[in-house]
Amino acid sequence: MAHPKSRISKQRKRKRRTHYKIAAPHVLSCSNCGAPTLRHRICEACGSYRGRTILNKAEAVEEFDNTIDDVEVED
Ligand SMILES: [Zn+2]
């Protein structure tokens, strides 16, 4: 197995790791509703992507309510 020839000092290790950074996410505002969204993602608020409605949020909620009504609860 590969083995380091010599120990890396704390200073060398820490200097190398100064370049490890978290990139900030590219947040845009939705062209349809103005809510903050990520690039190349469907808008979480209105369900649109590139000017087209992909997810109908109101329909989805209605469907969910209907499925809840169908479930019978035993006491
Ligand atoms: Zn939107």
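How many helices and strands does the protein chain have? This is a predicted model, and its secondary structure comes to two helices and four strands. Along the sequence, those elements run in the order α-β-β-β-β-α. Here's a quick tour, starting with the whole chain and then going through a handful of residues.

**Overall picture**
- The protein chain has 75 residues, and 3% of them count as buried.
- If you take the contacts with a separation of 6 or more, residues 24 or more positions apart account for 0% of them.

- Average pLDDT for the protein chain is 85, and 79% of the residues score at least 70.
- Confidence is highest in helix α1 (residues 10-17), at a mean of 96.
- At the other end of the scale sits helix α2 (residues 57-70), where confidence is lowest, at a mean of 68.

**C43, a buried loop residue**
- You'll find C43 in the loop between β2 and β3.
- C43 counts as buried because it has 23 C-beta neighbours inside 10 Å, and the cut-off for buried is 20 or more.
- Setting aside neighbours within four places in sequence, C43 is in contact with C30, N32, C33 and A35, and also with T37, S48 and Y49.

**H40, in the β2-β3 loop**
- H40 belongs to the loop between β2 (36-38) and β3 (48-49).
- With 9 other C-beta atoms within 10 Å, H40 is exposed, since 12 or fewer is enough for that label.
- Have a look at its backbone too: phi of H40 is near 60 degrees, a positive value in a residue other than glycine.

**R50, between β3 and β4**
- R50 sits in the loop between β3 and β4.
- Its phi is positive as well, near 50 degrees, and R50 is a residue other than glycine.
- R50 counts as exposed because it has 9 C-beta neighbours inside 10 Å.

**R52, in strand β4**
- R52 is part of strand β4, which covers residues 52-53.
- There are 9 other C-beta atoms within 10 Å of R52, so R52 is exposed.
- R52 and N32 are 20 residues apart along the chain, and their C-alpha atoms are separated by 8.9 Å.

- Is I54 buried or exposed? I54 counts as exposed, because it has 11 C-beta neighbours inside 10 Å, and exposed means 12 or fewer.
- Leaving out neighbours within four places in sequence, I54 is in contact with I42, G47, S48 and Y49.
- As for I42, its C-alpha atom is separated from that of I54 by 7.5 Å, and the two residues are 12 apart along the chain.

**Reading the contact lists together**
- S48 and Y49 turn up among the contacts of C43, and S48 and Y49 are also among the contacts of I54.
- C43 is the buried one of that pair, with 23 C-beta neighbours inside 10 Å, whereas I54 is exposed with 11.

Methods
Residues numbered from 1 in each chain as written. Predicted model: local features only at pLDDT ≥ 70, side-chain atom pairs only at ≥ 80, totals over all residues. Contact = placed C-beta atoms within 7 Å. pLDDT = per-residue confidence, 0-100.
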